[in-house]
Amino acid sequence: MKKYTKLGTIIAAGALAMAMAATGFAAQLTEEKAKAIALEHAGVTEEDITFIKNKTDYEDGRLVYEVEFVTKNYREYDYEIDAGTGTIISWDYDAEDSMKTVSETASEAVSLEDAKAAALAFAGLKASDVTWGKVKQDYDDGRLIYEGTFYSASAEYEFEVDAISGMVIDWEAERF
């Protein structure tokens with residue numbers, strides 16, 4: 001009987017230690033650190049933005065911070081950051097107010113290759129690093145855009161590029 005009691009105590013102690021380690025690991029990332037990770041990734045400072053949301057949630061069974069903010073020039077960023085590791089799981093970017101209204105013709109648009117180059121530059125990747133999905137020219141709310149998808153070894157990227165200015169106006173990246 002003592003043998004089983006001792007074994008039970010060891011198992012309980014091990015389970016408690018694992019729970020404490022998991023809780024301590026998950027607690028390593030604070031709300032402030034999650035904000036700092038998002039701001040650094042976006043290349044902005046806290047003085048340049050207004051926070052909309054910074055809260056915890058569960059995504060695919062793991063605790064994440066959802067961080068959302070808008071810059072002074074109306075660019076909106078949304079992040080999901082793993083609360084245990086600080087890894088950015090996904091993020092997206094919208095710059096709707098920076099787009100021009102298209103009264104210009106499609107012949108004045110940047111080329112498809114220029115739009116792809118803008119998306120690659122925004123991601124910090126080279127053409128040799130990615131596989132392209134569908135990329136097409138379209139109209140969105142009366143604005144001429146290029147929209148498309150590409151994949152790297154670790155993530156899927158969706159983008160929109162303003163076809164007149166060549167600027168990335170909508171962005172989403174999700175790690176595999």
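In this predicted model, the count of aromatic pairs comes to 15. One of them joins phenylalanine 69 and tyrosine 79, whose rings are stacked at 6.2 Å centre to centre, with 15° between the planes. Phenylalanine 69 belongs to strand S2 (residues 62-71) and tyrosine 79 to strand S3 (residues 76-82), so this pair ties together parts that are 10 residues apart in sequence. Phenylalanine 69 is buried, at 0% relative accessibility, and tyrosine 79 counts as buried too, at 2%.

Another pair brings together tryptophan 132 and phenylalanine 150, and this one is tilted: the centres are 4.9 Å apart and the planes make an angle of 55°. Here strand S5 (residues 131-140) supplies tryptophan 132 and strand S6 (residues 143-151) supplies phenylalanine 150, so parts 18 residues apart in sequence are tied together. Phenylalanine 150 is buried, with a relative accessible area of 0%, whereas tryptophan 132, at 25%, is partly exposed.

Two or more lining residues come from each of strand S4 (88-94), helix H3 (112-123), strand S7 (155-162) and strand S8 (168-175). S4 gives the largest share, four residues. By class, the lining holds eight nonpolar, two polar and two charged residues.

Methods. Residues numbered from 1 in each chain as written. Predicted model: local features only at pLDDT ≥ 70, side-chain atom pairs only at ≥ 80, totals over all residues. Heavy atoms only, no water. Nonpolar A, V, L, I, M, F, W, Y, C, P; charged D, E, K, R; others polar. Phe/Tyr/Trp six-rings, centres within 6.5 Å; stacked < 30°, edge-to-face > 60°. Buried < 20%, exposed > 50% of the residue type's maximum accessible area, 1.4 Å probe, protein only.
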